[in-house]
Amino acid sequence: MLLRLDPGSCRPKLPLHGSAASRAIEQAALAHLPPHQLMQRAAGSIAALARALQPHARHVWLACGPSNNGGDGLLAAALLRTQLPQTRLTVSWQGNESRLPDDARYALQQARAAGLEFSDRPPEDFDLGIDALLGLGGRGLGPGPMADWMQTLQQTRATVLCVDLPSGLACDSGAWLNPFAARPAGPRHTLSLLTLKPGLFTADGRDAAGQVWLDRLGVAADQLPPDAWLNAPDTEPGPTRQQRHGAHKGSHGDLLVLGGQDVSVDGNGMSGAALLAARAGLQAGAGRVYLGLLGAGPATPALDLLWPELMFRPAQASAEGELARQAITVCGCGGGQSVRAVLSALLEHSPRLVLDADALNALAQQADWRAQLSRRLARGQHSILTPHPLEAARLLGCDSAQVQADRLQAARELAQQFQSVVVLKGSGSVIAAPGQIPLINTTGNALLATAGTGDVLAGMVGAYWAQTARPGRQGQMPAAMPQPSPDSGLNGSLSDGLEMALQAACRAVHQHGALADRWPSGRGLRAGDLLAGLTPWPG
Ligand SMILES: NC(=O)C1=CN([C@@H]2O[C@H](COP(=O)(O)OP(=O)(O)OC[C@H]3O[C@@H](n4cnc5c(N)ncnc54)[C@H](O)[C@@H]3O)[C@@H](O)[C@H]2O)[C@H](O)CC1
């Protein structure tokens with residue numbers, strides 16, 4: 001059965017399997033099925049989707065590689081020959097006949113018996129291209145016909161349907177294996193077979209894959225634990241905010257935002273970042289939001305005239321005093337070097353701490369703060385880090401290209417090293433917690449690639465966390481919160497505190513991206529535009 005994956009509406013959480021697990025599932029299925037049946041199912045699915053995508057195709061080009069991915073394409077071509085008698089089909093095949101796996105050899109025979117037209121040159125005028133060059137077994141391509149065909153499939157404006165994986169995309173990481181791989185020019189679809197692969201949803205994967213479809217080919221994917229989950233926050237059955245008549249502002253948690261370095265400090269004024277985070281926190285439902293601007297000078301505002309609900313407090317005293325000991329603190333947004341003045345106290349006292357932007361840069365510069373952060377979880381204090389790839393690289397002591405080459409691994413490493421929930425931002429944001437299976441977010445788009453959207457996200461994370469964990473209730477789940485469940489995306493027992501941090505991060509990242517996905521096309525999006533769409537949790 002074909003399943004279309006729409007960002008933001010994948011329910012329940014779907015498991016993602018990397019190459020090793022996908023191969024193991026494939027091998028187990030092959031052992032129980034008659035010869036060639038799995039490939040016949042795959043070919044049937046490819047042909048059905050091809051017809052649905054281009055029902056009136058005049059010319060379909062199938063580029064088929066040297067092994068089983070190519071076999072899927074050849075067998076689909078044979079089927080399409082009978083299903084689309086009026087359509088011209090051209091097959092390009094590259095392989096060594098004496099070294100073909102059994103299924104691919106069978107597929108080649110079927111394609112030949114169907115009387116298909118074979119050509120080593122892509123046709124000029126195809127209106128549907130089928131990329132069956134390389135799947136799970138793909139490696140980086142050297143020069144040659146396959147590399148040329150791959151480039152044609154990248155550059156064409158015709159619709160392209162990729163079989164299992166876009167050729168040349170790493171299944172586990174979503175990184176391109178070929179230096180020449182570019183952003184595809186035309187509409188793209190990818191039909192993932194048997195399992196969903198992590199690489200389709202993060203790094204270059206989303207651009208490479210386009211619209212993702214899944215056909216499990218009648219094989220259950222739950223035989224092996226996933227390598228990641230798609231992030232799909234549960235919808236709670238409990239009452240909405242409007243239906244909770246007994247609630248008061250204290251019921252919805254306190255949020256303290258520390259950041260927004262004053263321009264007088266070193267000429268880099270970034271108060272707007274902290275204002276965005278604080279406004280986002282308020283709009284996302286925190287009961288009370290306090291704002292401490294760092295490096296305050298005589299001209300530092302003490303009131304947000306447009307959002308007078310925000311309560312301004314001296315930053316240093318708040319970080320060292322009672323407020324930081326009872327509120328959720330979001331620290332770093334636009335904090336500049338001034339963040340250093342409050343970080344040590346927060347790492348020591350804050351029970352629930354979100355670290356973003358300059359707080360992460362400060363951590364990267366100072367080993368004893370990193371050690372302090374790593375010890376917090378063992379003391380019952382929880383932390384959420386929200387790095388973009390460069391901030392993640394600074395924390396890991398590598399460069400951002402290395403982070404992007406394996407985003408899941410980078411997020412897992414950060415979570416483990418710092419005993420924190422980590423949101424690695426970027427296309428396909430990864431959410432990881434220590435010792436847990438990470439999640440990949442499906443919402444969001446390049447409209448979010450603009451200054452300030454990360455500050456809004458940090459405020460949202462803090463606000464959602466504030467609504468799950470309140471003073472005096474540490475470790476307790478509020479009645480309407482989703483309880484940890486066997487399918488909650490976690491592979492081991494997780495303390496309630498960490499579970500709440502993880503859920504807050506997952507929900508915030510999902511909603512943040514969904515707002516950009518719903519934004520009217522053709523209109524620019526400023527970070528501040530996101531605020532109006534924010535909703536409390538639960539809605
Ligand atoms: N067997 C079945 O019934 C099904 C298979 N499915 C599809 O199979 C592929 C995985 O097949 P596999 O043969 O393991 O890998 P590939 O087709 O990706 O090819 C790998 C093969 O190709 C050679 N190769 C790899 N990289 C290069 C390169 N850069 N240049 C030249 N040659 C290269 C190498 O020899 C490898 O061995 C999976 O993705 C599905 O599409 C279906 O799941 C249905 C059932």
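**Notebook: helix 4 and the chain around it**

I began just after helix 4, where glycine 115 takes a positive phi of about 70°; helices here are DSSP runs of H or I with at least four residues, and strands are runs of E with at least two, numbered from the N terminus. I note that this is a predicted model, in which local features need pLDDT of at least 70 and side-chain atom pairs count only at pLDDT 80 or more, while totals for chains, interfaces and linings use all residues. Residues are numbered from 1 along each chain as its sequence is written, and side-chain values use heavy atoms, with hydrogens and water left out.

I then looked up helix 4 itself, which covers residues 102–113 and reaches 17 Å from its first C-alpha to its last, close to the expected 16 Å (1.5 Å times one less than its number of residues). Its buried residues (under 20% relative accessible area, 1.4 Å probe, protein chains only) are Asp103, Ala104, Tyr106, Ala107, Leu108 and Ala111. Among the elements that cover them I listed helix 1 (19–32), helix 2 (37–53), helix 3 (68–83), strand 4 (88–93) and strand 5 (117–118).

Of the contacts (heavy atoms within 4.5 Å) with a separation of 6 or more, 75% come from residues 24 or more positions apart. The C-alpha atoms fill a box of roughly 80 × 45 × 45 Å, taken along the principal axes.

Definitions and conventions: Buried < 20%, exposed > 50% of the residue type's maximum accessible area, 1.4 Å probe, protein only.
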